[in-house]
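Here are a few notes to go with your first look at this structure. Have it open while you read, and take the points in order.

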Amino acid sequence: MAYLTIKNVKKVYPNGFCAVKDFNLEVDAHDFVVILGPSGCGKSTMLRMISGLEAITEGEMILDEKKINNLSPKDRDIAMVFQNYALYGHMSVYDNIGFSLMVRKKKQRFIHERVMNASKIVEINEEQLKRKPGQLSGGQRQRVALGRTIAREAKLFLMDEPLSNLDAKLRGDMRVEIIELWRKYNQTVIYVSHDQVEAMTMATKIVLMNEGVIEQVGSPNFVYNHPETLFAATFLGTPQINLIPGSLEDGCFKNEMFSIDFPEYKGINVEQVLLGIRSENIFVVDKDEDFILQMDYVEYLGSKSILHGLLGETQIAVNTKEDVANLTNCKVKLNKTKAILFDVQTSKAIRGDQNAERS
């Protein structure tokens, strides 16, 4: 049985706006789940419903075999790290870390042991424990927020975009620290983010949301390589996945510039499709090309370059280590085993014969 089960959860506000629609998710113990999506998709609302800060309109939540729908936040045994840290400015760092334990009227010795252990884990020294949060840097304040969460030793840890207020370098450092803490202490974490890099590097499971609904759930690798919808395909990946318009005729993708056979789609006909192929799955070749790109410009990124070209009116990006600086046209070939065909009308990936071999 899943450690956290969310069944048919819905959130409708008094003005009639439906922020979350029919949300279903199973979280296993020790998972690091990232709820990912653009601003306004409902991900933070979902996290607040799990924590008890928002009431759910319909559905149920079961944590460690206990229904928590109607429990107050303090009775759910859930710890939460907020985007703005939510530290008490008039309290010392020590008291901030131990605050939730003080509220629960734990003994002073117990509180001290937990605070000192948590501060050691997040590398807050004794001098910093005496300071007020306003005397710390953004990274240090985030460590205090994490320390407060660790001191709780809760059943479930929730994190609502905790790194979004940090600069790029510090964000990268804190990502590593959070993952190391999770691996070391084997907690169960649900983490909300709009940043695909955070999701891809941290999650054991991604829950991709759009306009209040789940688009896809799976490991980072699976969602990236096997997107089920156009939204999933385009939301993950930099540069964005290439989408080439055409038609599917008895398993053959055709457009004005080229055609490719896909044996697993034999017998399938769709009038309007998009062939999705990521930049790392297109290769610069000398011969046997699938099509020729009209060169536009090249981004040099040190160990590699991203070639941008035109196939008719379609922009194509190619991730390459080849020297293409002086070319006006470029021969390229697709790794068609990595291609995904989408039905334009439904915006969903077309299902073919999974047993067919791609030549």
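1. Start with Phe32, which counts as buried because its relative accessibility is 0%. Here buried means under 20% relative accessible area, exposed means over 50%, and partly exposed is what lies in between (1.4 Å probe, protein chains only). Trp182 is buried too, at a relative accessible area of 13%.

2. A quick word on what you're looking at: this is a predicted model, where local features need pLDDT of at least 70 and side-chain atom pairs count only at pLDDT 80 or more, while totals for chains, interfaces and linings use all residues. Residues are numbered from 1 along each chain as its sequence is written, and side-chain values use heavy atoms, with hydrogens and water left out.

3. Now the rings. The structure holds seven aromatic pairs; rings of Phe, Tyr and Trp (its six-membered ring) pair if their centres lie within 6.5 Å, and planes under 30 degrees apart count as stacked, over 60 as edge-to-face and the rest as tilted. One of the pairs is Phe32 with Trp182, edge-to-face at 5.5 Å centre to centre and 85° between the planes. That pair links distant parts of the chain, since Phe32 is in strand β3 (residues 32-36) and Trp182 in helix α6 (residues 168-185), 150 residues apart. Helices (H or I, at least four residues) and strands (E, at least two) are DSSP runs, numbered from the N terminus. Ring pairs also bring in Tyr191, making a cluster of Phe32, Trp182 and Tyr191.

4. How are the rings of Tyr88 and Phe99 arranged? Their centres are 4.8 Å apart and their planes at 55°, so the pair is tilted. Tyr88 lies in the loop between β6 (78-81) and α2 (93-103) and Phe99 in helix α2, so this pair ties together parts that are 11 residues apart in sequence. Tyr88 is partly exposed at 34% relative accessible area, and Phe99 is partly exposed at 25%.

5. Two charges sit over rings, which requires NZ of Lys or CZ of Arg within 6 Å of the ring centre and within 35 degrees of the ring normal. Lys106 has its charged end over the ring of Phe110, 5.9 Å from the centre. Arg278 lies over the face of Tyr224, at 3.9 Å from the ring centre.

6. On to the strands, which pair if DSSP finds at least two bridges between them. Strand β1 (residues 4-12) runs antiparallel to strand β4 (residues 58-63), joined by five bridges, and Lys10 stands opposite Glu58 in β4. β1 also pairs in the antiparallel sense with strand β2 (residues 18-27), over six bridges; there Val12 stands opposite Cys18. The hairpin of β1 and β2 has five residues between the strands, and Gly16 takes a positive phi near 95°.

7. Finally, the salt bridges: there are 14, each a side-chain nitrogen of Lys or Arg within 4 Å of a carboxyl oxygen of Asp or Glu. Lys7 and Glu60 meet in one of them (3.6 Å, N to O), with Lys7 in strand β1 and Glu60 in strand β4, 53 residues apart. Lys7 is partly exposed at 36% relative accessibility, and Glu60 is partly exposed at 22%. Glu60 also forms a salt bridge with Lys67, their closest N and O atoms being 3.6 Å apart, and Lys7, Glu60 and Lys67 are linked in a network.
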